[in-house]
Amino acid sequence: MHRITVIGGGFAGLTAAITAAEVGAEVTVHEAHHTLGGRARTAEGPYRTNEGPHALYNGGPHWTWLKQRDLIGPLAPLPPLEAARLRLRHHGVLRRTPPFPMLKLLRRTARQAPVDADFLTWATGVAGEEGARAAANYSAVALFHHDPGSLSAAFVQERLRRATKLPPEAHYPRGGWATLIDRMAARAWNLGVRIETLSRVDTLPTDTPVVVATSLDAARRLLQDSSLTWPSGRTALVDLAVRTRRGDAFAVSDLDTPGWLERFTAQDHGLAPAGEQLIQGQIPLAPGESKADGTARAEQLLDLGFPGWRERVTWRRESVAGGRTGAVDPPGTSWRDRPAVNRGDGVYLAGDQVAAPGVLSEVSFNSALTAVSLALGRRELDLKHA
Ligand SMILES: Cc1cc2nc3c(=O)[nH]c(=O)nc-3n(C[C@H](O)[C@H](O)[C@H](O)COP(=O)(O)OP(=O)(O)OC[C@H]3O[C@@H](n4cnc5c(N)ncnc54)[C@H](O)[C@@H]3O)c2cc1C
């Protein structure tokens with residue numbers, strides 16, 4: 001029987017563990033924290049915030065895999081009346097529809113954007129500068145980067161398409177991603193995976209192949225390999241609860257500068273106590289910008305989309321997520337240029353900043369499948385890369 005060690009019990013680690021156990025391997029997972037999930041944990045208590053993922057995109061490879069195993073569980077559908085409350089800030093005011101030039105970039109027939117050019121230059125040629133800037137800023141919902149227009153045009157176009165598809169790709173596990181993680185952990189357990197929490201690994205084991213399913217920063221320290229770097233975003237996270245008021249926006253996307261606020265109780269009432277709404281926002285920060293700068297921009301969006309919010313606040317929290325929102329690809333690079341999954345000597349990387357395709361957590365998922373297939377020498381694992 002093959003044995004395999006997985007370091008990290010987040011979405012990547014659990015995907016790797018289940019995949020390996022399903023083909024008969026004896027798997028041990030080490031997770032440093034006392035609970036599983038990593039960035040996909042949902043806070044306990046009255047305000048069930050997610051640090052990381054909120055949306056599960058049904059166009060991704062993980063969707064089919066999770067569905068086949070009955071792991072998705074109940075979803076919280078967005079009522080159409082709430083969906084109609086998506087607002088876009090453009091030239092300082094809220095509007096319901098995208099500016100016309102931006103639509104040119106959303107057409108299904110739009111040309112495939114090149115890898116080598118930056119998005120703003122390429123998109124300006126298609127839709128003019130105003131449309132290009134608005135589209136770049138909208139894509140920040142899935143990019144968490146302060147200047148999406150400066151990234152590879154192909155990279156940004158893929159995220160823009162996925163984030164604007166109709167019907168929307170974004171789905172929301174009821175109760176937050178912790179419920180999805182719980183189901184994955186139960187499946188791993190039933191397959192005989194040994195899961196050790198509060199088990200931080202400081203030295204790589206040498207008696208089994210190892211899948212290092214941590215953030216790239218943690219992998220760099222563990223492998224003592226300074227080449228393990230790749231750009232990611234830095235974003236201010238503003239979470240707050242407000243007393244319910246009819247007519248609040250569902251979400252506000254900032255087309256003037258990157259930023260996104262979403263009222264997650266619009267689709268899932270259980271995330272906050274009765275009579276309150278949970279809003280989570282992310283405002284990407286440029287180098288040199290502080291959490292306070294991001295918070296100030298979030299407050300401008302709140303003023304527009306949630307009138308009277310200051311008098312209605314019941315709970316509030318702010319933080320900065322640096323390098324925790326997945327890989328971004330500069331012009332001239334694609335996912336193939338990121339740190340390779342196979343590190344040699346039986347060590348494999350899985351995570352959202354390594355060489356695998358997909359949007360956000362899909363990179364963790366795809367790299368976990370690749371890592372296990374290489375670790376076990378199994379070609380027959382389903383490794384369909386988009
Ligand atoms: C604000 C924000 C919003 C996001 N929104 C979305 C979204 O809407 N949709 C989406 O798909 N994705 C989203 N993401 C991305 C998503 O959260 C990540 O891609 C995904 O959760 C990463 O999973 P992972 O398992 O690769 O890494 P992690 O979740 O970081 O898991 C790594 C685990 O390894 C453990 N660990 C680290 N070092 C060690 C060690 N030495 N020994 C043992 N254990 C160790 C950690 O404790 C952690 O549990 C978002 C992220 C952020 C921050």
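For the cut-offs, a residue is buried if 20 or more other C-beta atoms lie within 10 Å of its own, exposed if 12 or fewer, and partly exposed in between, with C-beta atoms placed from the backbone. Glutamine 224 sits in the loop between α8 and β9, and its phi is positive, about 50°, although it's not a glycine.

Before I go on, a word on what you're looking at. It's a predicted model, where local features need pLDDT of at least 70, side-chain atom pairs count only at pLDDT 80 or more, and totals for chains, interfaces and linings use all residues. Residues are numbered from 1 along each chain as its sequence is written.

Leucine 360 also has a positive phi of about 50° without being a glycine. So is leucine 360 buried or exposed? It counts as buried, because it has 24 C-beta neighbours inside 10 Å. You'll find leucine 360 in the loop between β15 and α11. Proline 167 is in the loop between α6 (153-164) and β6 (170-171).

Okay, the whole chain. How many helices and strands does the protein chain have? There are 11 helices and 15 strands; those are DSSP runs numbered from the N terminus, helices being H or I with at least four residues and strands E with at least two. The radius of gyration is 21 Å, close to the 21 Å the globule rule gives for 386 residues, so the chain is as compact as a globular protein of that length. That radius is taken over C-alpha atoms, and the rule is 2.2 Å times the number of residues to the power 0.38. Along its principal axes, the C-alpha trace spans about 60 × 50 × 40 Å. Of the 386 residues, 50% count as buried. Of the contacts with a separation of 6 or more, 71% come from residues 24 or more positions apart, where a contact means that two C-beta atoms, placed from the backbone, lie within 7 Å.

Now the sheets. One is an open, mixed sheet of 7 strands, in the order β5-β4-β10-β11-β12-β9-β13. Two strands pair, by the way, if DSSP finds at least two bridges between them. At the edges stand β5 (93-95) and β13 (313-327), each with a single partner strand, so one side of each is left without a neighbour in the sheet. β9 (residues 232-243) and β13 pair in the antiparallel sense over 10 bridges, and within that pairing threonine 235 has alanine 321 of β13 as its bridge partner. Helix α9 (residues 291-305) packs on this sheet, and its direction makes about 45° with that of β9. For angles, axes are lines fitted to C-alpha atoms, for helices over the stretch in contact, and values run from 0 to 180 degrees between N-to-C directions.

The other sheet I want to show is open and mixed too, with 6 strands in the order β7-β2-β1-β8-β15-β14. Its edge strands are β7 (194-196) and β14 (342-344), each pairing on one side only. β1 (residues 3-7) and β8 (residues 210-212) pair in the parallel sense over 3 bridges, and isoleucine 7 stands opposite valine 212 in β8. Helix α8 packs on this sheet, touching β8, β14 and β15 (347-349), with its direction at about 135° to that of β8.

On to the ligand. Which of the 37 residues around the ligand come nearest? Those are Gly8, Gly10, Gly38, Gly52 and Leu360; a residue is near a molecule or strand if its C-beta atom, placed from the backbone, lies within 6 Å of it. The largest share of that shell, 4 residues, comes from β13. By class, the shell has 14 nonpolar, 17 polar and 6 charged residues. Here Ala, Val, Leu, Ile, Met, Phe, Trp, Tyr, Cys and Pro count as nonpolar, Asp, Glu, Lys and Arg as charged, and the others, Gly among them, as polar.

Last stop, alanine 371, in helix α11 (residues 361-376). Alanine 371 is buried, because 32 other C-beta atoms lie within 10 Å. Leaving aside neighbours within four places in sequence, its contacts include Ala16, Val211 and Tyr348.
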